[in-house]
Structure formats: structure tokens, C-alpha cells
Amino acid sequence: MKQSYYTFTFAIGTDILLYNAMSGALAKLPKEAWEARETDVSVSDALKEQGFFIDEDVDELALCKFKYYQGMFAHKDFVVMIAPTMQCNFSCPYCFEGEHKRAGLMDDAVEDALVEVMVAHKKKRFT
């Protein structure tokens, strides 16, 4: 058994705070319990059950990629982002438009097509 690559530990007073970024698990242990994790089977088993520790042969990067692609190709959710205008003035450094923002608004044909797609998806989902 080994500590998950995604487990982060923080000393807070007499306790250890554990966070696993893959599972979202959060736990607080007394330092004594944390220090006994290698010799106390009940502690190590509890940490493994919550995802803080994993079996030696687990490839977490492959697991992370699997979860990413699984979510990417899952069709259970329908997500729509509507940008009626690209005239944003926030200047976010990560913006795909950069300094080349186009002027203009969404025209009626695009609005109508957007509504058609959402209505068609709703009908498909509930029939």
C-alpha cells in the first residue's frame, strides 16, 4: 500500500489534515494516528477505504485519464454555454478571444437554432 499521489497532508496543531484531490476526501487525524499508519492496520485500512492510500499496483495517472475520457464521452448531461455577445471587457488572461474580440450580437437565426437544439434534446431525452 502507498499514499495516493493526490493526497496532501497539513499539520494543524496536534492534528493532521488530509485531502485527496482525486476523490475530494477530507479527514482530520491525531498526529499519533497518522504516525501509526504503517503499523496500525485499522488506521491504514481506514485511510485506504477513503482513498488516501492505494494499492501498490494502482496507476493513478491512468485512472485519472480514464475518468477524464469517461466524462468527456458520457452523454448523460447536456450542457450549453450561451454567449450572446463577445464584447466582454474583463480582459481575463485565459480568454480564448484574447485582444481580438469581435463586435456584434447573436442574430435571430442563431437564437432560433439554439432553441431548436435544446427543444430537440429535451424531446429525445424524455421519449
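User: Where in this predicted model is Val115 found?

Analyst: Val115 is found in helix α4, which covers residues 108–125. The model is predicted.

User: Why is Val115 called partly exposed?

Analyst: Its relative accessible area is 47%. Buried would need under 20%, and exposed would need over 50%. The 47% of Val115 lies in between, so Val115 is partly exposed.

User: Which residues make the nonpolar surface patch, and what is its area?

Analyst: Phe78, Val80, Ile82, Val115, Val117, Met118 and Val119 make the patch. Its area is about 540 Å².

User: What does the surface of the protein chain look like in numbers?

Analyst: The chain exposes about 10300 Å². Carbon and sulfur atoms supply 59% of that area. Of its 127 residues, 16% count as buried, that is, they fall under 20% relative accessible area.

User: How many helices and strands does the protein chain have, and in what pattern?

Analyst: There are 4 helices and 5 strands. Along the sequence the pattern reads β-β-β-β-α-α-β-α-α.

User: How do you know that β2 and β3 pair?

Analyst: Pairing takes at least two bridges between the strands. β2 and β3 are joined by 6 bridges, so they pair. They run antiparallel. Phe8 stands opposite Tyr19 in β3.

User: And what joins β3 to β4?

Analyst: Strand β3, residues 15–20, is joined to β4 by 5 bridges. At least two are required, so this counts as a pair. These strands also run antiparallel. In β4, Leu29 is the bridge partner of Ile16, and Leu26 is the bridge partner of Tyr19.

User: What is the strand order of the open sheet?

Analyst: The order is β2-β3-β4, with antiparallel pairing.

User: Why are β2 and β4 called edge strands?

Analyst: β2 (7–12) and β4 (26–30) each pair on one side only. From one strand to the next, the twist averages 25°.

User: Which residues in the hairpin turns have a positive phi?

Analyst: In the β2–β3 hairpin, Gly13 has a phi of about 60°. Here 2 residues lie between the strands. In the β3–β4 hairpin, Gly24 has a phi of about 85°. There, 5 residues lie between the strands.

How values were computed:
Residues are numbered from 1 along each chain as its sequence is written. This is a predicted model: local features need pLDDT of at least 70, side-chain atom pairs count only at pLDDT 80 or more; totals for chains, interfaces and linings use all residues. Side-chain values use heavy atoms; hydrogens and water are left out. Buried means under 20% relative accessible area, exposed over 50%, partly exposed in between (1.4 Å probe, protein chains only). Accessible areas come from the Shrake-Rupley method with a 1.4 Å probe; for residues, only the protein chains shown count as cover. Patches are made of residues with over 30% relative accessible area and no salt bridge: like charges are joined within 9 Å, nonpolar side chains (Val, Leu, Ile, Met, Phe, Trp, Tyr) within 5 Å. A salt bridge is a side-chain nitrogen of Lys or Arg within 4 Å of a carboxyl oxygen of Asp or Glu. Axes are lines fitted to C-alpha atoms, for helices over the stretch in contact, and angles run from 0 to 180 degrees between N-to-C directions.
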